[in-house]
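Trainee: Please take a close look at the surroundings of the ligand, and then go on to the parts of the protein that lie beyond them.

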Amino acid sequence: MDQRDLDVLDEIQRRVLWLATRIVDAANHDRGAGDGVKVGGHQASSASLVTAMTALWFAHLNAEDRVAVKPHASPVFHAIQYLLGNLDRSYLPRLRARGGLQSYPSRTKDPDEVDFSTGSVGLGAAAPLFAAVTRRYVDAHFGARPHSRFVALIGDAELDEGNIWEAVADPATTGLGNVMWVVDFNRQSLDRVVPGVRIDQWRGQFEAAGWHVVEVKYGRRLAEAYDRPGGAALRNWIDAMPNEQYQSLFGLTGPALRKQFLDGAPEGIAALIADVSDADLGPLVTDLGGHDLAALLDAYAQCDAVTDRPSVVFAYTVKGWGLPIAGNPRNHSALLTSEQVDALRAAQGLTRDTEWDRLDPASPAGIRAGQRREALSRAPRERALGVTVPQATNVRANKPISTQEVFGRVLVDLARDPQVGRYLVTTAPDVATSTNLAGFINKTGVFAPTAQRSWSEDRMLRWTESPEGQHIELGISEMNLFLLLGQLGLAWDLSGQPLLPVGTVYDPFVLRGLDAFLYGTYSGARFVVAGTPSGVTLAPEGGAHQSTITASVGLELPGVTFVEPAYAASLDWLLCDAFGHMAGTVRPTTTAVPAEDGAYYFRLSTRPVDQAPFEAARARLGDAVLRRQVLAGAYRLVDAHQAYPHLADAPTVQLAASGAVLPEVLAAAAELADEGVAAHVVDVTSLDRLYRAWQRTLRQGVRTATVPSVPGALRSAFADRVPVVTVHDAASHAMAWLGSAVGASAVPLGVDEFGQSGSVHDLYDLHDLLPGSIVNAALAALSLR
Ligand SMILES: Cc1ncc(C[n+]2csc(CCOP(=O)(O)OP(=O)(O)O)c2C)c(N)n1
Ligand SMILES: [Mg+2]
């Protein structure tokens, strides 16, 4: 790239800086009087990345490359998309407005094409690494895709997030030469100038994990000064200076700047800068490489040349570069005053009439933008897999069996399916065998970029590692699990191949990965995750492994369908249906279930459960009706009036339960019958679908001021206005709403304390989940009426 090209890029980056700054300014100052809540936006954090991002989009990236943008640099991203012609001008004054540009880049909400959502720092940063893991898998299984580079633009304080290092350290992410992280190394976080010089520690951590590290520390002015006689001493002094002192220079000029710069400096430094004028001193000593286009492009090229491992570029930058707030320790959410914005506009040669203009298409900068727009345009990608997933597998259970075991068997059976099998990919954070993925692993093998020799023979588990394997094993990091699931679930877009990803995790540790779970679903990823075993039913495992709030988490997470079946056939149907939704090919029999587009969370158990009651319900309702109700979220497992005709006129209750506690609930119903109370038993297979159905009709009523109807899923399983006992191996709160939904009093039973070790019976006793307690709860519900 010659000087003329660099000058064009420099002109472009000045415009990017202006637009990014003005986008935030307009959000705060141009829109009508607000509601007292600050609008916000990050002019300083944006300015910091202007050079690195201009170099990427206007000189370095190819159409197939994918980039995660530091959340608070979203104005820079949108400014660039606007200059490229990919964003309508009407959006520019609408940062942080409803339907406008999102505060942080969003795949699903922004009007221009965002590759990775970001916002929760650390997660978006790691996402491209897992997208590259996914690409390596896709290339090995489905043929090489056009080459992509996966880039992350990361704030330096993001490196304080542990998930970054979990991702870097995992063997599954090694050797990915198509990954480049660019660290916006401005030495400032939100609150402060970060103390100490941390680069040596970070460099060591990356290198220990096998990464290629590049530092872009100084710009050309300083590089030239270092080449002069005595330059080495100057460099040593700047290198050794504490961050806080260095950052303080940005706010100073003239003799004050010189004095501060020399404070603590060794003998001779003053003489070295004696011939630098006061006016030139600031630009000289703050001349950092992260604002030197040529130095950055050179660093990117160095990363391209290293193809056997990921690269990280430490780009030394100035937070607030080019703005009056540069380097100010309190600049994180500082906004320029209107006068300062006016001055910046004037310095750009722009007026109020021309301030939002694109680059003149006839100018060299405008021509470059036009060329880059073409070079970066991509063909649309297909989301649907387009294969037919069966409604059920061949898995049969004729003895007591746990849902965890059925889950493993269904996956093995689907792995044999000629259409579906090859798209399945499983992953687990070191719990594959203890969550029943062994059968699948035996059948399909473990994924490794190159075939590995197996050193031990184990007939129960053949751990064969090769590029054909369909299980990706992770170290114990639930963050990594959900980050990988999220990226496998976006493979249709980021790697041009839809997949059917499945992850397993001990249910309590869903919470450990929760922010990454949310990240994946916020990004619109489709995957299945099984939390197993769950609740206190994993009894001897004890309190530290018992999950109680996960049912509520599953119920409440948007973009996630939460299911908790108890019986083998219902799990089989639900899992096949989930894959059908993910493949984009759900058949008409499941129209009772509204359109779902996202992830599925199966909460499972290791408790073997007798299947006979389910078969009795199947005989009573018929296969088709039962399946439809199971998918809709609930069915009547026992109809008291059919089971106990002599109780036709007796007081009636309904016992609603999910998952492993159903045997106790059935026993309670039998006891109640002995006491002359008719108790229906409702198996709630998906609390989530049921709740959504209820909410839909309620909201419809609220919005249209009409009387809400009772949704079909509730009507077919529950009796209207009949008292309810809910029984759940989870916080009692999750099911408590069912009382209002059926219009009757309710007594919710569940686990609301930390648990301890014991047998299932011991723990059910401790938490009032035994039949005797359920009977008493039913009598209480009847008397509350
Ligand atoms: C998980 C999480 N915690 C906290 C925040 C709030 N936050 C946003 S930016 C930021 C500081 C980031 O500093 P750095 O990464 O160095 O970015 P800079 O603005 O300096 O470029 C913080 C604490 C967040 N967005 N996400
Ligand atoms: Mg920073």
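Mentor: Ligand 1 has 18 residues around it, and Ser45, Lys70, Asp156, Gln188 and Lys319 come nearest; a residue is counted here if one of its heavy atoms lies within 4 Å of the ligand. This is a predicted model, in which local features need pLDDT of at least 70 and side-chain atom pairs count only at pLDDT 80 or more, while totals for chains, interfaces and linings use all residues. Residues are numbered from 1 along each chain as its sequence is written, chains are lettered from A and ligands numbered from 1 in the order in which they are written, and side-chain values use heavy atoms, with hydrogens and water left out.

The shell around ligand 1 is made up of three nonpolar, nine polar and six charged residues. In this division Ala, Val, Leu, Ile, Met, Phe, Trp, Tyr, Cys and Pro count as nonpolar, Asp, Glu, Lys and Arg as charged, and the others, Gly among them, as polar. A polar side-chain atom of Lys70 is 2.5 Å from an oxygen atom of the ligand. A polar backbone atom of Ala157 lies 2.9 Å from an oxygen atom of ligand 1, and for an N or O atom in the side chain of Asn186 the distance to a ligand oxygen is 3.1 Å. Taken alone, ligand 1 exposes 590 Å², of which the protein buries 75%; these areas come from the Shrake-Rupley method with a 1.4 Å probe, and for residues only the protein chains shown count as cover.

Helices (H or I, at least four residues) and strands (E, at least two) are DSSP runs, numbered from the N terminus. H3 is mostly covered, with eleven of its eleven residues buried, where buried means under 20% relative accessible area, exposed over 50%, and partly exposed in between (1.4 Å probe, protein chains only). The cover over these residues includes H1, helix H2 (43-60) and helix H15 (364-375); contact means heavy atoms within 4.5 Å. Gly85 follows H3 and has a positive phi, near 90°.

Arg96 is in the loop between H3 and H4. Its phi is near 65°, a positive value in a residue other than glycine, and Arg96 counts as partly exposed because its relative accessibility is 25%. Asp115 is also placed in the loop between H3 and helix H4 (123-142), but Asp115 counts as buried, at 8% relative accessibility. The side chains of Asp115 and Arg378 are joined by a polar contact of 3.0 Å. Such a contact is a pair of N or O atoms within 3.5 Å; within protein, one must be able to donate a hydrogen and the other to accept it, and residues adjacent in sequence count only if both atoms are side-chain atoms.

Helix H18 (residues 478-488) has eleven of its eleven residues buried, so it is largely enclosed by the rest of the structure.

The largest nonpolar core holds 260 residues, of which Trp57, Trp181, Phe579, Phe602, Leu655 and Phe718 touch the most other members. Helix H1 (residues 3-29) gives the most to this core, with 13 residues. A nonpolar core is a set of buried Ala, Val, Leu, Ile, Met, Phe, Trp, Tyr and Cys residues joined through side-chain atoms within 4.5 Å.
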